[in-house]
Amino acid sequence: MTFRVNKKYFSLPLAIKQAFKSLSFLASQRKVELKLTIPDDQIKFFDCLLGDQNRFEQILLNFITNSIKFTGTNGRIEVRLSSLNVSRANSHALSRLSDSSRSVNRSRNHSMVNSPSNSENSSQGGNIFYNRFTLEIIDNGQGISEEGKKRLFMDFSSLHEHQDINLRGTGLGLSINKRIIQAMGGSVQVESTVGVGTTFIIEMALRCKVDNVLDRSVSLVSNSSISANSQLGGGDFSTHLAIANAASKKQQ
């Protein structure tokens with residue numbers, strides 16, 4: 001299966017907002033809270049990423065829908081963005097990154113990638129960064145067994161612990177998600193404990209444009225400050241998203 005990746009600059013927080021909006025009815029039916037968490041000092045690195053917004057929304061819809069299905073009434077699903085490392089890029093490095101990304105994607109996934117030209121890299125070099133980050137989808141649902149985790153991303157897989165739930169699908173959603181994420185140069189893994197919940201962890205690196213940044217080099221390691229993450233909002237998911245949107249605009 002071949003996935004076309006069309007790259008352009010977009011806001012990842014707003015893509016998450018769109019996914020939440022699309023799933024608002026399903027979430028409200030099951031009384032599941034949807035929450036977005038982004039460290040305040042990192043929002044600017046997610047507000048103008050170079051990637052495929054439609055593909056991101058597709059995988060978000062698949063992951064969050066899956067979490068809603070297997071999270072009980074009054075459950076909670078959190079989407080968490082964290083930068084692992086952000087470094088300033090120059091046009092030469094960006095050119096090598098673009099060439100390497102196309103090569104890896106074509107050899108591993110037979111994907112077609114449309115990227116901006118190197119002339120854009122040169123003209124935007126002053127505020128172009130390389131953002132390596134994680135996107136986590138965290139729920140407090142029923143969890144997945146060790147055996148289930150081994151089969152989770154296989155085509156047409158149906159987990160034993162989910163067979164008593166009257167919600168069926170094709171078994172292709174998470175398998176397709178993994179292929180799309182790999183086509184975009186990323187990886188995905190799952191951490192889960194039965195009776196506690198599940199976390200899907202997507203990791204990838206994308207270029208981003210940042211306005212009004214200091215001239216000094218940027219290097220962020222979010223692992224050391226996860227406990228200080230700023231949580232957006234305290235009510236229902238629409239409140240979280242309104243705050244995220246306002247914060248995003250403030251950074252522009």
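I begin with Glu-78, which forms a salt bridge with Arg-80, their closest N and O atoms lying 3.2 Å apart. A salt bridge here is a side-chain nitrogen of Lys or Arg within 4 Å of a carboxyl oxygen of Asp or Glu. Both Glu-78 and Arg-80 are buried; buried means under 20% relative accessible area, exposed over 50%, and partly exposed in between, with a 1.4 Å probe and protein chains only.

A word on the source: this is a predicted model, in which local features need pLDDT of at least 70 and side-chain atom pairs count only at pLDDT 80 or more, while totals for chains, interfaces and linings use all residues. Residues are numbered from 1 along each chain as its sequence is written, and side-chain values use heavy atoms, leaving out hydrogens and water.

How many salt bridges does a search of the whole structure find? The search gives 3. Another joins Glu-203 to Arg-132, with closest N and O atoms 2.8 Å apart. Glu-203 lies in strand β9 (residues 197–209) and Arg-132 in strand β7 (residues 128–139), so this pair ties together parts 71 residues apart in sequence. Strands (E, at least two residues) and helices (H or I, at least four) are DSSP runs, numbered from the N terminus. Glu-203 is partly exposed at 28% relative accessibility, and Arg-132 is also partly exposed, at 35%.

Lys-149 forms a salt bridge with Glu-146, again with closest N and O atoms 2.8 Å apart. The two are 3 residues apart in helix α6 (residues 146–151), about one helical turn. Glu-146 is exposed, at 54%.
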